[in-house]
Amino acid sequence: MEVLGIEVSPALLQQWVEWLAPDRQPFYLTAKQIASWGLTQDDAEPDRQQRDTYRSYGVDGRLRSVWLDESTFMDLPRKTRAGLIRAQVVHERGSVPTVRAWREVFGPEIRLQADGHRFVWWKSLLRDSAAVVLPRVVSEDLGPSRHREVPESVWASAGSLVPRARELAGTFAGGSGPNCFGTVMAAAGVEGAADTWMQREPFDEWLADRTTRGGRDDVPGTVLVWRDDNRLVQHAAITIGAGWTLHKPSQSWTSPRKIRTAPEVRRSTRTPGWHLTRHTLHP
């Protein structure tokens, strides 16, 4: 099966099922909501995959969490389930899709899970539909990787500066954590960087040590760096030549290491307050 132009193995697809619909998932609520619905607070920390699935990093830190499995959730009165779902939308938790968007996959029965407008993912929903649901969830806001369009001559000329770019292009990481900074460093040959949640400080140190300010998008080894108004690095990508660029849009398990043109990467990364600079990798 292919997702975003990338081959996905059955084993990885099964991992995606676990990450999209873990056996227990968090519901973020106020203390008053927990008490009124007779629920039990459990402030267990989500793991990296759950953090990205539910976008818990964007949830108000004053909220409490309740962790429920599917049977416990479905045993709640429908009015309580509806309240739980609506609260997740209000509190901006991720993975609360609309019934309308998925009605053609699951039929009208999906409306019965909660309030008729929104629902949450459980493994029972994915049992017979994972091959339809997961590609759509993963590719929701992303363009495909174009690594197969890159000419052999471009890969060959890029080899000395970005020796691992071809190996990384068109792959998904084995979970959440590996990010844009680690992808750039790994493409340039830094051991272990591909599988690391690389922080700003080591990336900036590597950038200062291995690059010179300035560069062009049409040659291999130009590091594109986006910083915010406080000069904090927010995103990075690296060129492989002829206008092609390798980047990983985020640290999420849904985000692949992919090849796009430099203009496509610039457009997709355009964010108010971010400023692009270029750095040339030393031979």
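**Helix packing, burial and pockets**

Mentor: This is a predicted model. Start with a pair of helices, which is described by an angle and a distance between axes. Here helix 11 (residues 180–187) packs against helix 12 (residues 200–210) at about 35 degrees, and their axes are 10 Å apart. The crossing of helix 11 past helix 12 is left-handed.

Trainee: Which residues make the contact?

Mentor: Helix 11 contributes Phe181, Val184 and Met185, while helix 12 contributes Arg200, Pro202, Phe203 and Trp206. Sorted by class, this contact has 6 nonpolar residues, no polar ones and 1 charged.

Trainee: Is Thr183 buried or exposed?

Mentor: Burial is judged by relative accessibility, with under 20% counting as buried. Thr183, a residue of helix 11, is at 1%, so it counts as buried. Setting aside neighbours within four places in sequence, Thr183 touches Leu168, Leu246, Lys248 and Arg257.

Trainee: What is the volume of the largest pocket, and how many residues line it?

Mentor: The largest pocket has about 1,400 Å³ and is lined by 50 residues, with Arg55, Tyr57, Ser250, Ser252 and Thr254 nearest its centre. Among the elements giving two or more residues to this lining are helix 11 and helix 12, but helix 13 gives the most, with 4 residues. By class, the lining has 20 nonpolar, 18 polar and 12 charged residues.

Trainee: How much space lies in the second largest pocket?

Mentor: About 210 Å³. Its lining includes Tyr28, Asp43 and Arg64, and divides into 5 nonpolar, 3 polar and 4 charged residues.

Note on methods
Residues numbered from 1 in each chain as written. Predicted model: local features only at pLDDT ≥ 70, side-chain atom pairs only at ≥ 80, totals over all residues. Heavy atoms only, no water. Axes fitted to C-alpha atoms, helices over the stretch in contact; angles between N-to-C directions. Left-handed = near helix turned anticlockwise from the far one by under 90°. Contact = heavy atoms within 4.5 Å. Nonpolar A, V, L, I, M, F, W, Y, C, P; charged D, E, K, R; others polar. Buried < 20%, exposed > 50% of the residue type's maximum accessible area, 1.4 Å probe, protein only. 1 Å grid on protein atoms, 1.4 Å probe; cavity = no way out; pocket = protein on both sides within 12 Å on 5 of 7 lines; lining within 4 Å. Points joined across faces, edges and corners; volume = space filled by probe spheres on them.
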